[in-house]
Amino acid sequence: QEGEDPGPAFAAALAALDRALELEPGDAVRRATRATVLRTRAEHAAELGADPAPDFVAAERELEAARRAEPEEIFVEAHAGALQLAWGLHEDEAGRDGRARLDAAVAACRRVVERRPHDADAWDGLGDALDARGLHDGGTDQDPTVDFAAAIEAYGEAARSCPGWARPWAV
């Protein structure tokens with residue numbers, strides 16, 4: 001709920017996922033979901049001025065374990081893109097260079113789009129990663145227009161692949 005401490009909710013979600021993983025340790029989707037809870041907790045920590053790095057690192061380890069368990073699971077790749085995007089944005093906001101993380105986000109999102117070319121959410125994720133990389137480059141001596149143009153194209157693909165897609169303002 002708005003204004004409440006999300007710590008107990010994060011702990012409960014992680015505990016439930018841990019119990020599920022005890023039963024099926026090779027379940028890549030549950031590991032990716034656990035990584036997403038850790039990423040979200042890291043983002044919350046960053047908003048409060050705390051160090052998000054431990055949760056970002058733990059999320060990355062979960063995704064690595066998920067990839068080892070099920071290398072072809074595209075859900076894992078989508079979550080990897082979201083993690084790298086969040087981590088790269090945090091690095092930039094903290095005054096560090098998040099470009100490598102943003103590059104990793106774009107690469108992961110491209111892999112998802114290659115496997116799911118008719119998935120609006122996949123194209124949306126790619127658009128977000130490209131947009132973030134363009135914003136990063138706008139603060140450097142690199143030209144952001146290539147990434148911005150590619151982001152607009154990705155959002156357009158999302159809209160074309162799903163006419164009722166929820167972000168029509170992006171095209």
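**Cysteines**

I started with C109, which is buried at 9% relative accessibility (buried is under 20% relative accessible area, exposed is over 50%, partly exposed is in between, with a 1.4 Å probe and protein chains only). This is a predicted model, so I kept in mind that local features need pLDDT of at least 70 and side-chain atom pairs count only at pLDDT 80 or more, while totals for chains, interfaces and linings use all residues. Residues are numbered from 1 along each chain as its sequence is written, and side-chain values use heavy atoms, with hydrogens and water left out.

Is C109 paired with another cysteine, or in no disulfide? I found C109 in no disulfide, and its nearest cysteine sulfur, on C162, is 18 Å away. A disulfide here is a pair of cysteine sulfur atoms within 2.5 Å. C162 is likewise in no disulfide, and C162 is partly exposed, with a relative accessible area of 33%. The count for the structure is 0 disulfides.

**Salt bridges**

Next I looked for charge pairs, and the search of the whole structure gave 18 salt bridges. The cut-off is a side-chain nitrogen of Lys or Arg within 4 Å of a carboxyl oxygen of Asp or Glu.

I noted E62 with R34, at 3.2 Å from N to O. That pair links distant parts of the chain, 28 residues apart: E62 sits in helix α3 (residues 53–69) and R34 in helix α2 (residues 28–47). Helices are DSSP runs (H or I, at least four residues), and strands (E) need at least two; both are numbered from the N terminus. Are the two partners buried or exposed? E62 is buried at 12%, and R34 is buried at 14%.

I then checked R96 with E91, whose closest N and O atoms are 2.8 Å apart. In this pair E91 is buried at 15%, while R96 is partly exposed at 43%.

D119 and R116 also meet in a salt bridge, 2.9 Å from N to O; R116 is partly exposed, at 40%.

I also wrote down a network of salt bridges that links R99, D103, R133, D137 and D147.

**Helix α4**

I ran a length check on α4 (residues 74–93). Its 20 residues should span 28 Å at 1.5 Å a residue, and the end C-alpha atoms are 29 Å apart, which agrees. The expected span is 1.5 Å times one less than the number of residues.

At the N-terminal end, E73 caps α4, with a side-chain oxygen 3.1 Å from the backbone nitrogen of F75. After α4 comes G95, with a positive phi near 85 degrees.

**Cores**

Last, I went through the nonpolar cores (buried Ala, Val, Leu, Ile, Met, Phe, Trp, Tyr and Cys residues joined through side-chain atoms within 4.5 Å). The largest has 19 residues, and L85, V106, V113, W123, L126, A129 and L130 have the most contacts inside it. α4, α5 (99–115), α6 (120–138) and α7 (145–161) each supply at least two residues.

Which helix gives the most to this core? I have α6 down for 7 residues.

For L126 I listed V106, C109, R110, V113 and A154 as touching, not counting residues up to four places away in sequence; contact means heavy atoms within 4.5 Å.

I also found a second, separate core of 18 residues, which includes L17, F56, L63 and L83.

Technical notes: Polar contact = N/O pair within 3.5 Å; in protein donor to acceptor, adjacent residues only side chain to side chain.
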